[in-house]
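I opened this entry to keep track of what I looked up, item by item.

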Protein chains: 2
Amino acid sequence: MKKNNVTIADVAALAGVSKMTVSKVLRDTGSISKDTRDKIHKAVDELGYVKNSLAGLLSSQKSSMIGIIIPSASDTIFAEVLSGTNSVIRPKGFNTLIGESLFDPQIEYEALSTMLSLQPAGLIISGGIDRSEETLALIAKRRCPLISLWDGEDAVGDLTIGLSHYEAGETMARHFIECDFRKVAYVGSELDLDLCARQRFQGFRDTMQDASRELRVETSIDGSRQSLTGRQLTESLIRKHPDTDAIYYLNDAMATGGMSWLYEAGINIPEQVAAAGFNGTSIGQAVRTRLTTLNVSRRAIGEAAASAILKFIEGDTEIDKHQVEVTFVQGNTT
Amino acid sequence: MKKNNVTIADVAALAGVSKMTVSKVLRDTGSISKDTRDKIHKAVDELGYVKNSLAGLLSSQKSSMIGIIIPSASDTIFAEVLSGTNSVIRPKGFNTLIGESLFDPQIEYEALSTMLSLQPAGLIISGGIDRSEETLALIAKRRCPLISLWDGEDAVGDLTIGLSHYEAGETMARHFIECDFRKVAYVGSELDLDLCARQRFQGFRDTMQDASRELRVETSIDGSRQSLTGRQLTESLIRKHPDTDAIYYLNDAMATGGMSWLYEAGINIPEQVAAAGFNGTSIGQAVRTRLTTLNVSRRAIGEAAASAILKFIEGDTEIDKHQVEVTFVQGNTT
DNA sequence: TGAAGTTGGGTTATCGATAACCTACTTTAG
DNA sequence: CTAAAGTAGGTTATCGATAACCCAACTTCA
């Protein structure tokens with residue numbers, strides 16, 4: 001909070017050179033003698049000079065910031081994506097600007113808007129959310145590369161990295177059919193908000209229908225997509241349909257919540273009721289339970305997105321569409 | 001990536017007013033007639049003008065960015081802190097700049113350094129890491145409020161928010177003594193990096209020593225602080241000391257990893273070996289296992305830090321030292 | 001020996017917005 | 001009726017750095 005702002009002008013004055021020379025030395029460009037370089041570095045140390053990047057960015061019209069917008073930083077799925085992008089970006093000297101949309105189109109719009117005003121070098125935006133018209137307009141107006149994640153079909157921007165959630169749902173449905181489950185249910189939440197989850201559900205539902213299997217659906221609009229909601233929905237599902245023999249959950253967290261209720265209700269997994277989730281998070285692979293699920297490397301998605309953004313920034317346009325691999329995990333719950 | 005940069009000058013020209021008038025209208029200051037305001041908004045829409053905050057920040061010498069440095073964004077503990085701060089900061093119009101230190105003092109220094117050069121309005125820095133001399137020098141030179149998290153005794157900055165990890169270790173030790181465990185072990189990792197974990201260990205160890213209880217310690221330097229490491233260390237611990245009757249783990253994740261090995265080895269929890277962790281994360285409260293642990297609200301820590309930073313920014317210096325509450329969770333593992 | 005290249009650095013003009021201070025003209029109050 | 005106060009908007013000077021260009025003096029070599 002100190003007042004005195006040390007600028008390169010002060011450094012220049014102390015070192016007895018011009019501002020431009022200081023700027024060059026600090027950026028390691030131009031040809032400056034070892035002698036002056038030393039003088040300048042000494043002055044920098046003496047004054048405790050800290051560069052003001054804002055001024056530099058404005059002047060050079062370049063940016064060192066890469067923005068990433070995800071629904072929630074505390075959701076381990078997105079946290080891992082974030083960590084993946086950051087691990088690629090940081091060593092290259094870029095900073096990460098983060099925005100959370102909380103699955104709210106309006107908040108997403110605001111996050112994007114303020115982010116764009118900071119002139120980022122690139123933008124990574126997580127999909128799985130219905131975007132507002134305004135947001136799409138903003139995206140169209142952008143002046144930096146933009147990569148969307150996890151978006152499935154209706155992606156925006158220069159490139160999409162992720163997987164087909166519809167196919168993921170199909171995959172699990174085929175597994176359920178192979179296991180010959182007869183009274184199958186789907187448990188999820190916030191399907192109106194989470195587009196990816198909705199696509200998985202649709203893929204699952206369509207495949208079950210094609211096989212002429214009945215499907216019970218237990219969803220809520222207001223519950224979060226976490227453990228507790230899975231527990232509650234499982235309870236109400238089983239009360240309505242006690243003969244259910246398999247449940248496909250929106251994600252691993254909801255699956256563990258649901259399974260803990262089944263366990264406490266004395267219902268054996270998988271003998272009486274089988275369960276499967278999505279994500280391959282560690283919570284599904286806990287002490288005695290190894291949840292059947294589809295594993296996705298969130299970190300790999302983040303890393304791929306970051307690498308692609310860096311390529312775009314460097315002007316490389318030869319970027320191949322990147323599909324992240326999904327692996328089926330056979331646990332002991334189906 | 002389009003060339004044409006629309007600036008307020010363009011907007012002003014189209015609306016037939018001066019740049020200053022546009023600036024005032026966009027910031028909603030000064031007194032401008034409804035008529036000109038409309039003209040300007042129309043011009044803004046027509047041109048698709050997007051504000052360049054960099055220029056504004058440079059000129060006004062204010063900042064809309066708050067930086068937060070945490071060891072890892074993918075670690076659920078820190079992800080929740082991050083989410084907590086962001087939830088407070090965002091509605092107030094601030095942006096979050098994130099840095100990951102990966103528990104590496106050098107990386108932390110670099111993150112802090114580039115962050116400071118972006119002239120943030122405030123800084124939140126997570127503790128639990130031994131800081132380098134350079135980092136401390138940078139912190140001393142800063143021109144914005146700085147709050148440190150989770151730091152225990154040797155905190156830096158204007159305020160610390162968190163808890164005493166030493167006391168947390170003591171609390172769990174007292175519980176172990178009450179349960180009358182005799183052959184107690186501690187399992188942890190990376191204690192050289194994670195200062196907080198080290199303090200918990202010390203609190204635990206000291207209390208056990210005061211009660212003249214033997215304590216076995218199984219730690220590794222290179223393993224991460226996650227589930228798999230807990231599993232491996234538990235295995236080697238039990239091989240060395242088959243009579244161990246209780247294990248205090250560095251955190252919940254390591255505890256679940258350890259317990260899954262115990263389970264598979266046919267060792268009953270808690271009859272043969274009891275287990276406890278730290279954090280109160282959902283992974284500890286899975287299907288059949290409710291881990292005994294100490295619950296800390298990471299989100300509350302993040303929120304408290306963000307609120308405090310905002311107060312500092314507003315010039316309020318009457319900020320009370322904030323201690324976050326820790327609650328003992330009695331599970332079925334001890 | 002003189003043209004051309006190299007080395008080491010300085011000048012000037014922005015980048016896009018805002019702070020601080022003005023300037024007319026219009027009200028309002030005494 | 002006039003001075004004080006308010007309304008609506010404009011001028012000018014930065015903020016701190018960088019791009020682009022310029023300029024001496026010294027080498028180098030045909």
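**Strand pairing.** I began with strand β2 (residues 95-100) of chain A, which pairs with β2(B) in the antiparallel sense over 3 bridges. Strands pair here if DSSP finds at least two bridges between them. Strands are DSSP runs of E of at least two residues, helices are runs of H or I of at least four, and both are numbered from the N terminus. Within this pairing, I found Thr96(A) opposite Ile98(B) in β2(B).

**Provenance.** I note that this is a predicted model, in which local features need pLDDT of at least 70 and side-chain atom pairs count only at pLDDT 80 or more, while totals for chains, interfaces and linings use all residues. Residues are numbered from 1 along each chain as its sequence is written, and chains are lettered from A and ligands numbered from 1 in the order in which they are written.

**Contact between the chains.** I looked up the residues involved and got 46 from chain A and 46 from chain B. Contact means that the C-beta atoms of two residues, placed from the backbone, lie within 7 Å. On the side of chain B that touches chain A, α4 (53-60), α5 (76-89), β2 (95-100), α6 (105-117) and α11 (252-264) each supply at least two residues. The largest share, 6 residues, comes from α5(B).

**Symmetry.** I checked how the copies are related: a rotation of 180 degrees with 0.0 Å of shift along its axis superposes chain B on chain A, with an RMSD of 0.1 Å. The superposition is by least squares on the C-alpha atoms of residues with pLDDT of at least 70 in both copies. The two copies are thus related as by a two-fold rotation axis. The same surface serves both, since 100% of the contact residues of chain B recur in chain A.

**Ala305(A).** I located this residue in helix α12 (residues 298-313) of chain A. Is Ala305(A) buried or exposed? Ala305(A) is buried, because 31 other C-beta atoms lie within 10 Å; the cut-offs are 20 or more for buried, 12 or fewer for exposed, and partly exposed in between, with C-beta atoms placed from the backbone. Leaving out residues up to four places away in sequence, Ala305(A) touches Thr85(A), Ile124(A), Ile147(A), Leu149(A) and Ile161(A). Ala305(A) and Thr160(A) are 145 residues apart in sequence, yet 8.2 Å apart in space, C-alpha to C-alpha.

**Helix α9(B).** Just after α9(B), Ser212(B) takes a positive phi of about 55 degrees.
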